[in-house]
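Dear colleague,

I am handing over the structure below for you to look through.

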Amino acid sequence: MSELFVAKVDDLADRERRIVVEGALEIGVFRLGDEFFAWESNCPHAGGPVCQGRIMNRVNEVLDDEKRAHGYEFVEADVHIICPWHGYEFNIRTGVHPGDAETRLRGFPVTIRDGAVYVTV
Amino acid sequence: MATDDGFKRTYPEIDDWTDSRELLANARKQAEERQLDDVFIVDIDSHISDGGNWPEIMDYVEDPVIREAASAFGDGSKRGAFLNGTNGLQWQNVWGRIPHGQGLKEAVEESELSRETILARRCMDQMGLDYQVMFPNAMLFLGMHPVPEMEVHLATAYNRWLVERVLPEDQRIKAMMYLPFNNPVEAEATVKRFLGKPGVAGFLITSSRHKPVHANEYMRLYGMLEESGQVLGFHTHLNWQNEYTSQLNRFISMHAISFVLCNLVHLTNWIINGLPERFPKLKVMWIESGVAWLPFIMQRLDHEYMMRTSEAPLLKKLPSEYMRDMFYTTQPLERTNETLLAASMEAMSAETQMLFASDWPHWDFDLPATIWDLPFLDEKAKRNILGYNAARIFDLEIPEKYRALAAE
Ligand code: FES
């Protein structure tokens, strides 16, 4: 087990990520508010650089009381990282694909110490 | 990670302008982990073309009036001149989520080489490809052009540009020539003109069109292709305008159906009208419809043929048996259900009839590892699908280092 320095807490803004590299291992460390999450940048679909993708909120389809559809909306609470190779999306808080709970990213523990972010591998 | 040419990874967020060596860095990693550089790999279908060279292609238009008229497009730049592209393709990137789905916009170094060759080399090096067959996006729509003769003007310009400008730049790049199929006489002329030119790997019909492939006016064309041993490819494409697909309100729905529908129609006509009996040696290939449609149409046609044989009197065996004599590219390899995929590939005699295709840089591209990692194929089948089937069918020269295994 080793601990890798990621960034100073203040250097990573909300909804930003930093990629840290240890040998062949690439890890994306994400900040959402005051929370930090670390996932391997290796997509379970085909091995794409998932953590280098776009960060976007989950999309929902709006239905009214009679179940008529009224277009899309973004869901603020669910922030996704989207694999740039083919578009698989993963919830940054859970690492799980929104449509298939079995499809998930491999996570790593994150520690905050003395104003800096570390990930343990 | 640094590649041979010293390219270094920088780990930025990937966007529309990201260098494809960065974007495909994990493909290189996969190739090294699996030792794919020791595997002969041919990519039958790629679409490295962002329209940037269209003005140059317009200079190859032979009709002087049309060539001059190209300058009236794109604020005088000739960009997009005469093209009938539909909006559908612009939805490939899932509204910004898959940047390369909208074409590669990356910078390339100043060079005598065409942009296509530079970008193809970046892809081939990262994926570990030995040959790549190139087909530009813009041509995929042409079969539906409202001005039929424009198909001939643009196809000829494009074929000439490939043969005269791009293919001589790198022996690893091959191309299938576009057949202006809406005009059978011009399609025959295209075969006569480009047959045997260096780098020409066969001839191709874009499947998005409303011409029945069994019409008598095409028999001479098929005969020419059969006699010359050329591959005839049917490359699928979208059609969001017909009565059925126009009801589909999402790209996912249209893509799932439309990219299969056109080849379903052409393949059904091809078989039921007995074209495999009329041209038994013609090598026919179905490109970019994936694999999942094949068991469906096999079973369906066999089932109905047994009851309605008199409607297909030229057939001497089951439709599915003719299907197993034809060739198919693998991409997009539907593989969320491995059991179904294994059965489909077995039904198709994949070991001898399937050929790897990447479709790079489209949104649903596949990698060589997609085939290499399939648990139900043995290594010989994987090597055949990745390269040796292509070498056999297209008569490609296999580099020395792979020859021993090819002979097995
Ligand atoms: S590799 Fe990530 S979506 Fe395909």
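This is a predicted model: local features need pLDDT of at least 70, side-chain atom pairs count only at pLDDT 80 or more; totals for chains, interfaces and linings use all residues.

α9(B) covers residues 251-272, and since the expected span is 1.5 Å times one less than the number of residues, its 22 residues should span 32 Å, which agrees with the 31 Å that lie between its end C-alpha atoms. Following α9(B) comes B:G274, a residue with a positive phi near 75°. Within the helix sits B:H255, which counts as buried because its relative accessible area is 10%, where the cut-off for buried is under 20%; leaving out residues up to four places away in sequence, B:H255 touches B:W363 and B:D364.

Turning to the nonpolar cores, the largest has 142 residues, and those with the most contacts inside it are B:Y222, B:W270, B:Y328, B:M345 and B:F394. The element that gives the most to this core is helix α6 of chain B (residues 148-166), with nine residues. As for B:Y222, once its neighbours within four places in sequence are set aside, its contacts are B:F181, B:V213, B:L232, B:W270, B:L275, B:F279 and B:L282. There is also a second, separate core of 14 residues, which includes A:V9, A:V20, A:L25 and A:F36.

How do the axes of α6(B) and α7(B) cross? They come within 11 Å and cross at roughly 10°, α7(B) being the helix of residues 184-194; because angles under 35 degrees count as roughly parallel, the two helices are roughly parallel to each other. On the α6(B) side the contact is made by B:V152, B:T156, B:N159, B:R160 and B:V163, and on the α7(B) side by B:E186, B:T190, B:R193 and B:F194.

Chain A has zero helices and twelve strands. Its C-alpha atoms fill a box of roughly 55 × 30 × 20 Å along the principal axes, and 49% of its 121 residues count as buried. Among the contacts in chain A with a separation of 6 or more, 46% are accounted for by residues 24 or more positions apart.

Most residues other than glycine have a negative phi, and most peptide bonds are trans. A cis peptide bond, with omega about -10°, joins B:Q331 and B:P332, and B:P332 lies in the loop between β7 (327-329) and α13 (338-347) of chain B. Another cis peptide bond, with omega about 0°, joins B:W360 and B:P361, the latter being placed in the loop between β8 (354-355) and α15 (368-372) of chain B.

Positive phi values are found at A:D114, about 50°, and at B:D395, about 55°, although neither residue is a glycine. A:D114 lies in the loop between β11 (110-113) and β12 (116-120) of chain A and counts as exposed at 77% relative accessibility, while B:D395 lies in the loop between α16 (379-394) and α17 (403-406) of chain B and counts as exposed at 68%.

With kind regards

Terms used
Residues are numbered from 1 along each chain as its sequence is written. Chains are lettered from A and ligands numbered from 1 in the order in which they are written. Side-chain values use heavy atoms; hydrogens and water are left out. A nonpolar core is a set of buried Ala, Val, Leu, Ile, Met, Phe, Trp, Tyr and Cys residues joined through side-chain atoms within 4.5 Å. Buried means under 20% relative accessible area, exposed over 50%, partly exposed in between (1.4 Å probe, protein chains only). Helices (H or I, at least four residues) and strands (E, at least two) are DSSP runs, numbered from the N terminus. Contact means heavy atoms within 4.5 Å. Axes are lines fitted to C-alpha atoms, for helices over the stretch in contact, and angles run from 0 to 180 degrees between N-to-C directions. Angles under 35 degrees count as roughly parallel, over 145 as roughly antiparallel, 65 to 115 as roughly perpendicular and the rest as oblique.
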